[in-house]
Amino acid sequence: MNLFVRVARTRSFSEAARERGVSQPTVSRAIAGLEKELGVALFARTPRAVTLTEAGSDYFARVEVVLRALDEATDAVRGTGVLSGMLRIGTSSSFSQRVLIPRLPAFMSAHPQLRVNVLSDDQRLDLVAQGIDVALRFGVLEDSSAVARRVHSWPRVAAASPRFLSKVGRPECPADLANFQVFAGPSGSGSGVTLRKGSQISSVKVDNRLILSSSEGCNAAAVAGMGIVITSSLSCAQELSEGSLVRILEDWDLGDVELNAVWASPSFPDGLLSPLSLAQSRLG
């Protein structure tokens, strides 16, 4: 069953074999034996891919919960609470480089038997299809059967390069944003921006002739003097600190950007969630 779960998550017999320290034929025979015992095909195999069948997807959802409960029961009886195996984390490239990876040394030192695989992608990753144990996602979450826990949030800010502002002028009110190219990134709100100050609410349609799919790209475009970036204070913290970007419209509230931990299994080890919650005081 453990081999089945690893094949389902990695979509690879050879990768599951490497993780478990056995040969690929051993994994193939184990899965074949499981399929024979169950009387159904769990995987659809082609030369290029290994994917779960409908029966395999249903079995995976049920078996993973059982195996995780067994692991937790074993750790509880032993009194160890040791985390082991492979943890696959999915998140954006910017967050992984700027926040997650710098914090991994301490996390992995605290859990020496745990292996970590970070999948960095600015497009939303599929938890089950791509074998992700936990995803760290920004912005509004789509409705799904996945479980989510809020980790932290940052205020959304507007910023531009000093050179850009000296050349074209500084926006004095939200309506002025309509005269500029605005980059909002993956967590933005399309072609519209809503700002609040006390009881005042201002919604502005902005120019997004250049569309960028990553926060890094939006920051780079703003630093290059192409326009104004609206992003989380975390995303542009380095540029603001260096002075390559400066904040504008600081008196206006552009809302917050939330970071959520999302996982597919109803049961998830508390030992993995606690480092995420503890990170709240360190992410600002």
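This is a predicted model: local features need pLDDT of at least 70, side-chain atom pairs count only at pLDDT 80 or more; totals for chains, interfaces and linings use all residues.
Let's start with the helices. Two packed helices are described by the angle between their axes and the distance between the axes. Here, helix α2 (residues 13–20) packs against helix α3 (residues 24–38) at an angle of about 110°, and their axes are 8 Å apart. That angle makes α2 roughly perpendicular to α3, because angles of 65 to 115 degrees count as roughly perpendicular. Which residues of α2 and α3 meet? From α2 come Phe-13, Ser-14 and Ala-17, and they meet Gln-24, Val-27, Ser-28 and Ile-31 of α3. Sorted by type, the residues of this contact are 4 nonpolar and 3 polar, with no charged ones.

Strand β8 (residues 192–197) pairs with strand β9 (residues 200–205) in the antiparallel sense, over 6 bridges.

Finally, turn to Thr-91, which lies in strand β3 (residues 85–91). Is Thr-91 buried or exposed? Its relative accessible area is 3%, and because buried means under 20%, Thr-91 counts as buried. Leaving out residues up to four places away in sequence, Thr-91 touches Ser-96, Leu-100, Leu-119, Ser-120, Asp-121, Leu-125 and Leu-136. With Leu-136 there is a further detail to look for: the backbone oxygen of Leu-136 lies 3.0 Å from a polar atom of the Thr-91 side chain.

Methods:
Residues are numbered from 1 along each chain as its sequence is written. Side-chain values use heavy atoms; hydrogens and water are left out. Two strands pair if DSSP finds at least two bridges between them. Helices (H or I, at least four residues) and strands (E, at least two) are DSSP runs, numbered from the N terminus. Axes are lines fitted to C-alpha atoms, for helices over the stretch in contact, and angles run from 0 to 180 degrees between N-to-C directions. Angles under 35 degrees count as roughly parallel, over 145 as roughly antiparallel, 65 to 115 as roughly perpendicular and the rest as oblique. Contact means heavy atoms within 4.5 Å. Ala, Val, Leu, Ile, Met, Phe, Trp, Tyr, Cys and Pro count as nonpolar, Asp, Glu, Lys and Arg as charged, and the others, Gly among them, as polar. Buried means under 20% relative accessible area, exposed over 50%, partly exposed in between (1.4 Å probe, protein chains only). A polar contact is a pair of N or O atoms within 3.5 Å; within protein, one must be able to donate a hydrogen and the other to accept it, and residues adjacent in sequence count only if both atoms are side-chain atoms.
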